[in-house]
Amino acid sequence: IPSSKEDKQVRGFAPMKEIALTFSTHLFLGLYKKQKYKQSDMPYHLRNQNNDLLSIHQGNQLLNKKVLLFDDVFTSGNTISSALKLIELYHPQSIEILILSTKRSKEEIDQFL
């Protein structure tokens, strides 16, 4: 899941990209945030209203590919769910999800996916 363009400029790098490069050199960087937002900065009850903040370009690169969707923190499930919907439009062979941290149980996560 991408950082916003503004966050990348402030940091000077994209942390998720750098982490992903430690286990794969085949990265798809076509997901992007349309505007700056952080789920963790929003009240929980408003997080599911941000369904249209992610977009994708060059999604055709995912056709018949195995996809690993990688995110650092699963909070509300909204960002992962939005990313999945976008990726599924391009009919990948499979989609797996890797989340580094969450307070939720596997059962709670599964209900979002």
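Let's start with who touches whom along the chain: in this predicted model, 74% of the contacts between residues with a separation of 6 or more involve residues 24 or more positions apart.

What are the building pieces? The protein chain has four helices and four strands. Reading from the N terminus, their order is α-α-β-β-β-α-β-α. The chain holds 113 residues, and 35% of them count as buried. Its accessible surface comes to about 7,600 Å², and carbon and sulfur atoms make up 50% of that.

Now find strands β3 and β4. They pair in the parallel sense, over eight bridges. To get from β3 to β4 the chain passes through α3, and this β-α-β crossover is right-handed.

Next, look inside. In soluble globular proteins, nonpolar side chains tend to be buried together. Here the largest nonpolar core has 14 residues, and the members that touch the most others are Leu31, Leu69, Ile80, Ala83 and Ile87. Three elements, β2, β3 and α3, each supply at least two residues of this core. Which element gives the largest share of the core? That is α3, with five residues.

Let's zoom in on Ile80. Leaving aside residues up to four places away in sequence, Ile80 touches Ile1, Leu69, Asp71, Phe74, Ile97 and Leu113. Lys85 and Leu113 are 28 residues apart in sequence, and their C-alpha atoms are 9.9 Å apart in space. Is Lys85 buried or exposed? With 53% relative accessibility, Lys85 counts as exposed, because the cut-off for that is over 50%.

Time for some rings. A pair of aromatic rings is described by the distance of the centres and the angle of the planes. A search of the whole structure finds one such pair. Phe23 and Phe70 make an edge-to-face pair, with 5.4 Å from centre to centre and 80° between the planes. Phe23 lies in the loop between α2 (15-20) and β1 (31-33), while Phe70 sits in strand β3, so the pair ties together parts that are 47 residues apart in sequence. The two partners have their own levels of cover: Phe23 counts as partly exposed, at 43% relative accessibility, whereas Phe70 counts as buried, at 7%.

Gln58 has a positive phi of about 60° although it is not a glycine. You'll find Gln58 in the loop between β2 (54-56) and β3 (66-74). His91 is another non-glycine residue with a positive phi, in this case near 50°. Where is His91 found? Its place is the loop between α3 (78-88) and β4 (94-102). At 55% relative accessibility, His91 counts as exposed.

Key:
Residues numbered from 1 in each chain as written. Predicted model: local features only at pLDDT ≥ 70, side-chain atom pairs only at ≥ 80, totals over all residues. Heavy atoms only, no water. Buried < 20%, exposed > 50% of the residue type's maximum accessible area, 1.4 Å probe, protein only. Contact = heavy atoms within 4.5 Å. Areas by Shrake-Rupley, 256 points an atom, 1.4 Å probe, with all protein chains shown as cover. Core = buried A, V, L, I, M, F, W, Y, C linked by side-chain atoms within 4.5 Å. Phe/Tyr/Trp six-rings, centres within 6.5 Å; stacked < 30°, edge-to-face > 60°. Pairing = 2+ DSSP bridges. Right-handed = clockwise from strand over helix to strand, strands pointing away.
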